[in-house]
Amino acid sequence: MSDLKKMYSTLADDPFPGDLTLRLGDAELRFAKKTWTIDGTEKGLRYGENPDQPAALYELAAGELSLGGVAFRGPGHRLVAAMTEEHLVQSGKHPGKINLTDVDGGVTVLQYLSAKPAVVILKHNNPCGAAWSDAGLPDAFDKAFSSDRIAAFGGTVVVNRTMDVDTATRLTQVYFEVVAAPDFDDAALAVLRTKKNLRILRLPGLAKLEALAGEPYLDIKCLNDGGMVLQFSFRNRIRSTADFLPAMAERDGVTAVARTPSPKEAEDLLFAWAVEAGVTSNSVIFARNGATVAIGTGEQDRVGCVELTIYKAQTKYADRLAFTEAGLSLYELEKKAETDEAAKTLLADIRRRTAEAKGGLPGSVLVSDGFFPFRDGVDLALSVGVTAIAQPGGSIRDTEVIAAVNEAVPQAAMVFTGQRSFKH
C-alpha cells in the first residue's frame, strides 16, 4: 500500500471523553459517547470529515430542553446517534462522520415524506436524488437513482419503509457505501450482505419520523475562535398542499395574483419543498411526478443557481441516454467519440434529443429556498417548461416575479411558502 493510500486506513487515536454535559440555564443535557464492538474490538467513529481528524459521536442520553415555550427533541428516538451493534447490521469499514451525517441528512428530508414510501440518495451532505411513490420502494428507488446516476455512485441510501428484496437487488447493482432503513426483509438482507463493504444500518425510528417533524432540536454551529451559534433547527411549515400561501403582492398601487397550482403541481411542490429542507443553500430543485429532476446546491446567486441546475438536468438526461443505449457514461461516450465514428454519431444524436427535450424539464415544478430578488431566475425556469413554482415570497419585486409566471404561455402557477429554507 502506498503512503498516500495509508492516509485512508490509518486511523487517529480517539482522545474524546466518554461523556459530555451541556448546561443551558437550568437545563442540563447529558450525552454519552458511542462505541461499538466490531469483530471483537471496541470502535468509535472511524474519523471526522477527513482521515486525519479524530472524531466522536455522542448520543443524547438524558435531559429535557424547552426554550420560549417550545419543547425540543429528547432522547430515545432510535435514529443515528442511538445506533448500537444491533442496529449496525453490517459495519463494512465502520462508519465515519460523513457516513452518519449523510444518513442524518436523509432523516431531515424523510421526516416530511411519511405519507408514501420514499427514498433519498445522498452524497456530500446533499441529496443527489429523491422520490416518493404510491407504487412502493422499488419505484421510488428507480426514480431517485435516475435523477443523478453519476452522483449516486458511492453515496448513501435512506428509506422510510422496510427494505424489500426488489429494492435491495436494484441497490446492489450500484456501488453505495451506506444503506439505512427502519427494517429489512430477510431476503433483502441476504442480498445486501453480498456487498461486504456496504454499511447496513437498521434504524427503527425511520418508520416513525412524522412524530418528530414539529419538534426542533438544538442546532449548534462552532466558530473558529471556539465560539458557538445556537439555533432552533428548521421546522417545515408546509406539511400539506393546503399550507401553501397564494402568491399575491402589491406595489405602487398594482396588485399581482398568480395562478393556483393544479393538484398534481401542488403535490410535486409539496414533495420538492420537503427535499429542500436537506439541501445546502443557495439552492433550487426541479421535480416532476414525485421525483427530483435536478438539484442545485450552494450557489451564491439565485439566477446562477437556476442556470447551473438546468445545465445539470441536461447533462444527467444525456447521461441516461448514453448509459441506456451504449452502456457508457456521457463522459466515456464523449471520449470514445474522439476516435470512433459510430460513437460520434450516437453522441450527436443524444445531444440533439437532449436539447429537444430540454433536459427532461418541461412539465416540472421548481422550488427555491429563498425568494427571487429579480424575475430573471423565474423567466429562465419558465423557458425550459416549468409549470409551477414555490418560493418564500417577501421580495420587494414580488409583483414583477408574479408577472413573469402570469405572462408565460401557458400561464404558470406560483405559491408562497411563507418561510425561507436556508441551510448553511
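Mentor: Let's start with a definition: contact means heavy atoms within 4.5 Å. By that cut-off, Lys-97 touches Leu-45, Tyr-47, Gly-48 and Glu-49, leaving aside residues up to four places away in sequence. Keep in mind that this is a predicted model.

Trainee: Got it. Where does Lys-97 sit?

Mentor: Lys-97 lies in helix α2, which covers residues 97–110.

Trainee: Is Lys-97 buried, partly exposed or exposed, and how do you know?

Mentor: Buried means under 20% relative accessible area and exposed means over 50%, with partly exposed in between. Lys-97 has 28% relative accessibility, so it counts as partly exposed.

Trainee: And what about α2 as a whole, how much of it is buried?

Mentor: The helix is mostly covered, with ten of its 14 residues buried. Among them are Asn-99, Leu-100, Asp-102 and Val-103. Gly-105 and Gly-106 are on that buried list too.

Trainee: How do you know whether the span of α2 agrees with its 14 residues?

Mentor: The expected span is 1.5 Å times one less than the number of residues. For α2 that gives 20 Å, and the end C-alpha atoms are 20 Å apart, so the two agree.

Trainee: Why is α7 called largely enclosed?

Mentor: Eleven of the 14 residues of α7 are buried, so the rest of the structure largely encloses it. The buried ones include Glu-265, Asp-268, Phe-271 and Trp-273.

Trainee: Which residues does Asn-289 touch?

Mentor: Not counting residues up to four places away in sequence, Asn-289 touches Lys-143, Lys-264 and Asp-268. Asp-268 is one of the buried residues of α7. Asn-289 itself is in the loop between β19 (284–288) and β20 (291–296).

Trainee: Is Asn-289 buried, partly exposed or exposed?

Mentor: Its relative accessible area is 42%, so Asn-289 is partly exposed.

Trainee: Let's move on to the strands. What makes β1 and β2 a pair?

Mentor: Two strands pair if there are at least two bridges between them. Six bridges join β1 to β2 (residues 27–33), and the two run antiparallel. Along the way, Leu-20 stands opposite Phe-31, and Asp-19 has Ala-32 as its bridge partner.

Trainee: How many residues lie between β1 and β2 in their hairpin?

Mentor: Two residues, and Gly-25 in that turn has a positive phi of about 60 degrees.

Trainee: Which strand order does the sheet with β1 have?

Mentor: Three strands form an open sheet in the order β1-β2-β5, with antiparallel pairing. β1 (19–24) and β5 (58–62) each have a single partner strand, so one side of each is left without a neighbour in the sheet. The twist averages 30 degrees from one strand to the next.

Trainee: How do you know that β2 pairs with β5?

Mentor: Again, at least two bridges are needed, and four join β2 to β5. Ala-32 has Glu-59 in β5 as a bridge partner.

Trainee: What about β13, how does it run against β12?

Mentor: Parallel: four bridges join β12 (residues 176–181) to β13. Val-178 stands opposite Arg-199 there. With β8 (residues 88–90), β13 (residues 199–202) runs antiparallel through two bridges, and Gln-90 stands opposite Ile-200.

Trainee: Which kind of unit do β12, α6 and β13 make?

Mentor: With helix α6 (residues 186–192), they make a right-handed β-α-β unit.

Trainee: Stepping back, how many helices and strands are there in the protein chain?

Mentor: Twelve helices and 23 strands.

Notes
Residues are numbered from 1 along each chain as its sequence is written. This is a predicted model: local features need pLDDT of at least 70, side-chain atom pairs count only at pLDDT 80 or more; totals for chains, interfaces and linings use all residues. Side-chain values use heavy atoms; hydrogens and water are left out. A crossover is right-handed if, with the strands pointing away from the viewer, the path from the first strand over the helix to the second runs clockwise. Buried means under 20% relative accessible area, exposed over 50%, partly exposed in between (1.4 Å probe, protein chains only). Axes are lines fitted to C-alpha atoms, for helices over the stretch in contact, and angles run from 0 to 180 degrees between N-to-C directions.
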